[in-house]
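These are my notebook entries on a single chain that I went through element by element. I kept them in the order in which I looked things up.

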Amino acid sequence: MASLWTKVTKYLEANSKTWDAEKKNLMLQNDGDEDFIASWNVNGLAEPTAEQIASYESAGNTAETLEGVLNISDIWQSVLNYNEAGVKNYSIGLPGSDNYFKMSLGEWTVVTGIPNSGKSDVMDQIFCNLAIDNDMRCGIFAPESFPYEGHIKRIANKLNETNCNSEQLNNTKDFIEDHFFWVKIDLENLTLKSILNHFRDLVFQKGINVFVIDPWNMLDHSAQRDHSYIGRVLSEITQFCQQTNTHLFLVAHPRKIESENGNYKKPTLYDISGSADFFNKAYNGLIVFRCIGQKTKFGSDVVKIYVEKVKRKEN
């Protein structure tokens, strides 16, 4: 609701007068319940009636909407929807993961783990699960998964749960084309800003819901001048996700991890190379850890995924 001062100001302006010129000729007061006009001595202009004041409600609300300041009325229905339904979240489809973490749009998740722990493989599986279970479209910038042909084949294998032959690949082609989009690796422009611009284009043109940057250290960070750089650009990721209502997974390597008896210790989010801001600014944090020597029934090493941070309790 617009203030009486704003509506009176609009009334004056509609009659070729200004508040600054006439403020000495009128007085607004508050009786403890509401504002009212205590005196009015504006030359050549009658005191406005209650109906006239009410007629400036809409114009007053517009005038009081400051640039860069949230207008609650604009999102009130969303507030009611949130109260009734809460935050919409999505299972990432990994065994047991729903008990600890579900993905929400408008957020981002940092994923870390020592080299060869399976981070990229886990991300591929999560994206396949989201595409199958929620019909989500996935945007990918993954230099470490190059060449594209090999990456596409691995995606197809996961979608079909087998090592695909050419016929199975052909049968999966349409689904992959509809749900997976790769941003090309441009060695001349590997800045975060450039990648996010490509992602933004994919949101508007292809309706992408979820993204991955894999890995962080492959981007061009030559603009880094001080310790504030990482925190600043991670804030750009937050802004991107909120503005586009998408989710972004950021894969980031840890610094050198110590080992005991030839086995690496499990890293933490604070071990990510460069800054504690990876932990501080991310909404969520996952750690992928390969247990060397502990074998699955398939003969591969056991890979554990630790949920180290969930910012929102709704997730």
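**Entry 1: the largest pocket**

I began with the lining of the largest pocket, to which α6, α7, β12 and β13 each supply at least two residues. I note at the outset that the model is a predicted one.

How much space lies in the largest pocket? I read off about 810 Å³. The lining of the largest pocket is made up of 34 residues, and G118, D121, V122, V303 and I305 are those that lie nearest its centre. Sorting the lining by class, I found 13 nonpolar, 12 polar and 9 charged residues.

**Entry 2: the second largest pocket**

I then turned to the second largest pocket, in which about 410 Å³ of space lies. Its lining consists of 13 residues, with V87, L105, G106, N245 and R312 lying nearest the centre. By class, I recorded 5 nonpolar, 5 polar and 3 charged residues for the lining of the second largest pocket.

**Entry 3: the cavity**

Rolling a probe the size of a water molecule over the atoms shows where empty space is left. With a threshold of 30 Å³ or more, the count came to 1 cavity, and I noted a volume of about 60 Å³ for the largest cavity.

Which residues line the largest cavity? I listed S120, M123, D124, F127, I140, A142, S145, H151, V212 and D214. Helix α6, which runs over residues 119–134, gives the largest share of this lining, with 4 residues. The classes of the cavity lining are 5 nonpolar, 3 polar and 2 charged residues.

**Entry 4: N129 in helix α6**

Staying with α6, I checked N129, which lies in that helix. Is N129 buried or exposed? Its relative accessibility is 11%, and because the cut-off for burial is under 20%, N129 counts as buried. Once neighbours within four places in sequence are left aside, I found N129 in contact with I92, G93, L94 and N134.

**Entry 5: the sheet**

I then traced the open sheet of 7 strands, whose order is β7-β6-β8-β9-β5-β12-β13 and whose pairing is mixed. Why is one side of β7 and of β13 left without a neighbour in the sheet? β7 (180–182) and β13 (301–310) stand at the edges and each has a single partner strand, so one side of each has no neighbour there. On average, and with direction ignored, neighbouring strands of this sheet are turned by 20° against each other.

Looking at individual pairs, I saw that strand β6 (residues 138–141) and strand β8 (residues 210–213) pair in the parallel sense over 4 bridges.

How many residues of strand β9 are buried? For β9 (residues 247–251) I counted 5 of its 5 residues as buried, so by the cut-off of under 20% relative accessible area the strand is mostly covered. In a regular strand the side chains alternate between the two faces of the sheet. In β9, H247, F249 and V251 point one way and L248 and L250 the other way, and all are buried.

I followed β9 to both partners. Strand β5 (residues 107–112) pairs with β9 in the parallel sense over 5 bridges, and V251 in β9 is the bridge partner of V111. β8 and β9 also pair in the parallel sense, over 4 bridges, and here L248 in β9 is the bridge partner of F211.

**Entry 6: N284 in strand β12**

Last, I looked up N284, which lies in strand β12 (residues 284–295). N284 is buried, with a relative accessible area of 0%. How far apart are N284 and F249 in space? I noted 9.3 Å from C-alpha to C-alpha, while the two are 35 residues apart in sequence.

Terms used. Residues are numbered from 1 along each chain as its sequence is written. This is a predicted model: local features need pLDDT of at least 70, side-chain atom pairs count only at pLDDT 80 or more; totals for chains, interfaces and linings use all residues. Side-chain values use heavy atoms; hydrogens and water are left out. On a 1 Å grid over the protein atoms alone, a cavity is a set of points where a 1.4 Å probe fits but cannot get out, and a pocket is an open set with protein on both sides within 12 Å along at least five of seven lines; lining residues have an atom within 4 Å of a point. Grid points are joined across faces, edges and corners, and a volume is the space filled by probe spheres set on the points. Ala, Val, Leu, Ile, Met, Phe, Trp, Tyr, Cys and Pro count as nonpolar, Asp, Glu, Lys and Arg as charged, and the others, Gly among them, as polar. Two strands pair if DSSP finds at least two bridges between them. Axes are lines fitted to C-alpha atoms, for helices over the stretch in contact, and angles run from 0 to 180 degrees between N-to-C directions. Buried means under 20% relative accessible area, exposed over 50%, partly exposed in between (1.4 Å probe, protein chains only). Contact means heavy atoms within 4.5 Å.
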